Amino acid sequence: MKLELRRIHIKDIQLGKETAVKDGVLIVNEEELVSKLKEDERIKDIKIDIARPGEKVRIIPVKDVIEPRVKIEGTGNGFPGVSSKIAQLGEGKVNVLYGAAVVTVGDIVGFQEGVIDMWGEGAKWTPFSKTYNLVVDITPVEGLDPHSHEATVRLAGLKAAEFIGEAGREVTPDEVLTYEIGSHVEETAKYPDLPKVLYVEMLISQGLLHDGYIYGVNSQKIIPTLLHPNEELDGAVISGNCVAACDKITTYQHQNNSVILDLYAQHGKTLNFMGVVLTPELTTLEGKFRTCDYTAKLCKMIGVDGVIISEEGYGNPDSDLLMICKRLENSGIKTVLITDECSGRDGMSQPLADTAKEAVAVVSGGNVSHVVTLPPADKVIGNDESIATLAGGWDGALLEDGTLMCELNAVIGSTSEIGYHYCTAKLY
Amino acid sequence: MKYLIATNNPLVKKKADNLCFVEGSYEDVLIKVRDLVYEGVELVSHPLGASMRMLFSPYRSIILGQKSKTINPFHVEIIENSIINYRKNLEARKVDWVHADDYALIDNELLKSTFKDLEVDFNKI
């Protein structure tokens with residue numbers, strides 16, 4: 001499969017008469033966008049706002065972040081199986097409005113968190129403080145059940161990204177990135193001496209606000225499955241999870257999955273990248289055994305030498321992570337885990353809910369319990385009552401001047417378990 | 001009776017039979033489950049949620065199965081680890097009672113979803 005991601009560098013977003021990209025500025029016709037989204041009868045009201053890097057703006061509670069794109073060659077514009085008809089993804093040419101993002105806001109339940117600060121201390125922790133964000137605040141009609149409410153908000157974000165992405169159709173890109181990997185037989189013939197590596201990406205798959213979707217199929221309903229890495233880069237994986245702000249994998253992060261991009265960069269040089277296994281994180285122990293056994297079996301069948309596993313969430317998914325690790329290591333497959341830590345304010349506690357002696361190579365995305373101090377914003381987009389929720393975890397977190405002390409846990413993408421973020425380790 | 005729900009969630013109490021209703025906290029539910037696992041009751045769903053935020057919940061529902069003559073050491077390990085982790089995480093935090101109704105709703109929805117995964121009709125539990 002060969003996929004071209006053709007980046008059009010976006011330097012600003014403005015509202016205007018016509019949805020278009022002019023000299024790197026994305027102009028959005030608000031009225032057209034709103035009426036497009038309101039075609040969904042479940043939506044009562046849409047508010048559009050823009051948040052630019054450096055502005056004293058706080059966005060909360062964020063549901064998802066999506067990169068606006070348009071497919072100009074090949075099948076599957078939009079998000080096949082979700083916002084458009086099913087089609088094979090992974091091949092063709094995609095124009096990407098690089099530097100722009102659609103951020104959806106909508107409080108489905110009161111305890112949702114997920115903050116993006118566009119300036120100052122908060123901006124340091126989330127990757128989405130550097131993107132020009134078109135914020136879509138979605139209010140559904142009254143009386144929707146929570147599942148329909150969640151689906152409405154999820155779909156609205158994807159449709160908005162698709163609508164805005166169209167603006168890039170005729171624009172000449174600033175850079176073109178090509179991703180091409182052939183069949184296992186072809187690649188192994190090309191690189192017979194390089195170690196074969198698979199990427200296992202785990203997805204929270206547990207029900208309302210805890211779901212992920214592959215070509216529109218709820219990952220709760222699948223047994224682990226093999227994808228060409230290009231399919232994910234082309235929009236096959238959608239986020240429906242919005243309770244684990246710091247380590248949820250947003251749709252944007254799936255579209256730009258750092259593990260996939262890094263493995264691509266090493267493909268043919270130090271390793272032979274064999275693809276992506278998507279693995280659901282279920283709640284039942286039987287389900288966990290089923291998916292972990294199946295994942296290990298896929299890795300063994302393909303005959304890989306090494307596997308990189310990334311987790312999503314914290315708590316019961318830690319069990320899956322280590323169960324897969326044990327199975328692979330015991331089969332002689334070298335395994336690297338990517339997770340984040342919940343190791344207390346001082347970072348001294350045991351970081352995961354589970355342990356295994358086989359987990360000998362673990363990469364941490366950061367400590368979710370790390371406390372950050374966020375000064376008051378000039379403008380809050382979304383629901384400012386949610387700020388009290390962020391501070392609600394412990395006493396004295398919301399100071400009189402509006403300064404907020406919260407854990408990284410509340411900041412979108414701050415401890416990303418696929419490495420799409422800013423936390424790093426410094427050696428002294 | 002194939003399944004038993006250990007819960008302190010009032011919403012679940014309203015809707016389901018086969019309950020082991022715990023008048024107490026999330027931690028009390030975990031402790032009740034631990035005691036049952038030591039009596040040989042099978043652990044069907046994982047005692048913890050999938051995110052930090054769900055650890056703030058005042059309510060938790062856990063699915064248990066049949067009682068057998070032997071104790072499953074893996075289930076013992078899971079429930080014991082879950083209690084240690086729950087306590088560790090609540091050391092510096094407090095239960096979010098402000099949104100108690102929302103947590104009750106999500107806990108109930110996740111429970112329904114787990115039963116769907118088990119191919120069991122929640123209404124017939």
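Which residues are buried in helix H7 (residues 258–266) of chain A? In this predicted model, they are A:Ser258, A:Val259, A:Ile260, A:Leu263 and A:Tyr264. Buried means under 20% relative accessible area, exposed means over 50%, and partly exposed lies in between (1.4 Å probe, protein chains only). Helices (H or I, at least four residues) and strands (E, at least two) are DSSP runs, numbered from the N terminus.

The model is predicted, with local features needing pLDDT of at least 70 and side-chain atom pairs pLDDT 80 or more, while totals for chains, interfaces and linings use all residues. Residues are numbered from 1 along each chain as its sequence is written, chains are lettered from A and ligands numbered from 1 in the order in which they are written, and side-chain values use heavy atoms, without hydrogens and water.

Several elements of chain A cover the buried residues of H7(A). They include strands E13 (175–180), E14 (196–204), E19 (272–281), E20 (306–310) and E21 (334–341), together with helix H5 (229–233). Contact here means heavy atoms within 4.5 Å. The N-terminal end of H7(A) is capped by A:Asn257. One of its side-chain oxygens lies 2.9 Å from the backbone nitrogen of A:Val259. A polar contact is a pair of N or O atoms within 3.5 Å; within protein, one must be able to donate a hydrogen and the other to accept it, and residues adjacent in sequence count only if both atoms are side-chain atoms. After H7(A) comes A:Gly268, with a positive phi near 85 degrees.

A:Ser258 belongs to H7 of chain A. Its relative accessibility is 11%, so A:Ser258 counts as buried. A polar atom of its side chain lies 3.5 Å from the backbone nitrogen of A:Tyr420. Neighbours within four places in sequence aside, A:Ser258 is in contact with A:Ile418, A:Gly419 and A:Tyr420.

Axes are lines fitted to C-alpha atoms, for helices over the stretch in contact, and angles run from 0 to 180 degrees between N-to-C directions. In chain A, helix H1 (residues 30–37) packs against helix H3 (residues 146–165) at about 140 degrees, with the axes 10 Å apart. H1(A) is therefore oblique to H3(A). Angles under 35 degrees count as roughly parallel, over 145 as roughly antiparallel, 65 to 115 as roughly perpendicular, and the rest as oblique. The crossing of H1(A) and H3(A) is right-handed. A crossing is right-handed if the near helix is turned clockwise from the far one by less than a right angle, and left-handed if anticlockwise. H1(A) contributes A:Glu32, A:Leu33, A:Lys36 and A:Leu37 to the contact, and H3(A) contributes A:Ala156, A:Lys159, A:Ala160, A:Phe163 and A:Ile164. The contact of H1(A) with H3(A) has 6 nonpolar, no polar and 3 charged residues. Ala, Val, Leu, Ile, Met, Phe, Trp, Tyr, Cys and Pro count as nonpolar, Asp, Glu, Lys and Arg as charged, and the others, Gly among them, as polar.

Helices H8 (residues 285–302) and H9 (residues 316–330) of chain A pack at about 35 degrees, with their axes 9 Å apart. Their crossing is right-handed. The contact residues include A:Phe289 and A:Cys292 of H8(A), and A:Met323 and A:Ile324 of H9(A). By class, this contact has 8 nonpolar, 4 polar and 4 charged residues.

In chain B, helix H2 (residues 26–38) packs against helix H3 (residues 73–90) at about 160 degrees, with the axes 10 Å apart. H2(B) is therefore roughly antiparallel to H3(B). The crossing of H2(B) and H3(B) is left-handed.

Backbone geometry was considered last. Most residues other than glycine have a negative phi, and most peptide bonds are trans. A cis peptide bond joins A:Ile60 and A:Pro61, with omega about -10 degrees. A:Pro61 sits in the loop between strands E6 (57–60) and E7 (62–66) of chain A. A:Pro61 counts as buried because its relative accessibility is 1%. Phi is positive, about 50 degrees, in A:Asp23, which is not a glycine. A:Asp23 lies in the loop between strands E3 (20–22) and E4 (25–28) of chain A. At 77% relative accessibility, A:Asp23 counts as exposed. A:Leu209, also not a glycine, has a positive phi near 65 degrees. A:Leu209 is buried, with a relative accessible area of 1%.
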